[in-house]
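Please keep the sequence and the structure in view while reading.

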Amino acid sequence: MELRQLRCFIAVADALHFGHAAQQLDMLPSALGRHIRLLEESLNVRLFVRSTRSVALTAHGHKLLEEGKKIVAEVDALEAHFRRQGRLQARTLRIGAIDSAAIALVPHLLPAFRHACPEVDVRIDENKTAQLLPKLKSGRLDMAFIRPMKESDPQLTTRFLLYENVVLAIAERHPLATRHSVTIADIATLPLIVPARRARPHSHDVTIKLFNQAGLKPHIVQLVDEKQTILSMVASEVGGAIMPRWAARMATPHVRFVAIDHGEGAFTTLPLAVAWVGNAPDTARDTLLEIVSQELPHLIRQLC
């Protein structure tokens, strides 16, 4: 029985859904299923009862879930212990960041951090939240700026920072490009380019919720993961896109960014949080967190 197989089993057992567990682990469902099959073969028992509509634990599965969580918790605690010991002598702070944080937030924080901790090297890993979380939990990152999860993770300490506002990206020759602001009704028939939900769930949902609150349905013509690709399609007049306000800094030729007049109380924002593993002190990480708290009012003015 391998630890990777056990982690895969626990993810499926908690979700009782192979697709959701695979997304959580950033794996293909087929690869996840292979790990579960190998685990069942090595133990010579069935752990799940599967049908086309549901997944349920067998008696053996319930037993393994109970004991397996203890094993994984002990391994994680042991890893965390040695990581903390290593961090006492470390000269590197490893920061994960989603694109908005990597572009608009982290660069603003680094000068103050370098002044406070000149001996500490900083490494940035820019990626999506789904890719950053496994690295954070495994100790490959010391902290990460992410979109917060809907359900809390007991391994992580998470601090909400701010909500990012959104704007409409539109081709410069489109009539809406000359507007100071637009409403959702103004773009009700506009072809839209939207991130795929599996890759960027918060960015995808913000478009859907904006239209739902206006009693309308978005006219989605393309699902695209990367913001630069979305902006290139906007420039080519494929359609418009609802994007974080910071995307205007990317200065894509032939694209204009227009404010969205969403009315009071409407959902138009993207949450940003910072997360780290456990509660053990870490001088470099805690120094950067303090700088984040001090600079938060300025960051809110930039992103909101």
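This is a predicted model: local features need pLDDT of at least 70, side-chain atom pairs count only at pLDDT 80 or more; totals for chains, interfaces and linings use all residues.

Threonine 252 has its place in the loop between β10 (241-244) and β11 (255-260). Is threonine 252 buried or exposed? With a relative accessible area of 10%, threonine 252 is buried, because the cut-off for that class is under 20%. Leaving aside residues up to four places away in sequence, threonine 252 touches Gln228 and Leu231.

## Helix α8

Leu231 also belongs to the buried residues of helix α8 (residues 227-235), which are Lys227, Ile230, Leu231 and Val234. Around the helix axis these residues cover an arc of only 95°, so they are on the same side of α8. In an α-helix there are 3.6 residues a turn, so residues three or four places apart point the same way.

The buried residues of α8 pack against several other elements, namely α5 (99-116), β6 (156-171), β8 (191-194), α7 (201-213), β10 and β11. After α8 comes glutamate 237, which has a positive phi, near 65°.

## Helix α6

In helix α6 (residues 129-138), the residues Thr129, Gln131, Leu132, Leu133 and Leu136 are buried. What do the buried residues of α6 pack against? Their partners are the strands β3 (92-97), β4 (121-126), β5 (143-146), β6 and β12 (269-277). The residue glycine 139 follows α6, and the phi of glycine 139 is positive, near 90°.

## Helices α2 and α3

Two packed helices are described by the angle between their axes and the distance between the axes. For helix α2 (residues 18-25) and helix α3 (residues 29-43), the packing angle is about 100° and the axes are 9 Å apart. This angle makes α2 roughly perpendicular to α3, since the class runs from 65 to 115 degrees.

At this contact, Phe18, Ala21, Ala22 and Leu25 of α2 meet Pro29, Leu32, Gly33 and Ile36 of α3.

Between serine 30 and histidine 62, which are 32 residues apart along the chain, the C-alpha atoms are separated by 23 Å.

## Aromatic pairs

How many aromatic pairs does a search of the whole structure find? The search finds three. One of them joins phenylalanine 9 and phenylalanine 48, whose pair is tilted, at 5.4 Å centre to centre and with 50° between the planes. Phenylalanine 9 lies in helix α1 (residues 3-15) and phenylalanine 48 in strand β1 (residues 48-50), so this pair ties together parts that are 39 residues apart in sequence. Both phenylalanine 9 and phenylalanine 48 are buried.

The rings of phenylalanine 18 and phenylalanine 48 form a pair as well, with centres 6.0 Å apart and planes at 65°, so that this pair is edge-to-face. Because phenylalanine 18 lies in helix α2 and phenylalanine 48 in strand β1, the pair ties together parts that are 30 residues apart in sequence. Phenylalanine 18 is buried, as is phenylalanine 48. Taken together, Phe9, Phe18 and Phe48 form one aromatic cluster.

Notes
Residues are numbered from 1 along each chain as its sequence is written. Side-chain values use heavy atoms; hydrogens and water are left out. Axes are lines fitted to C-alpha atoms, for helices over the stretch in contact, and angles run from 0 to 180 degrees between N-to-C directions. Helices (H or I, at least four residues) and strands (E, at least two) are DSSP runs, numbered from the N terminus. Angles under 35 degrees count as roughly parallel, over 145 as roughly antiparallel, 65 to 115 as roughly perpendicular and the rest as oblique. Contact means heavy atoms within 4.5 Å. Buried means under 20% relative accessible area, exposed over 50%, partly exposed in between (1.4 Å probe, protein chains only). The arc is that of the directions from the helix axis to the C-beta atoms. Rings of Phe, Tyr and Trp (its six-membered ring) pair if their centres lie within 6.5 Å; planes under 30 degrees apart count as stacked, over 60 as edge-to-face and the rest as tilted.
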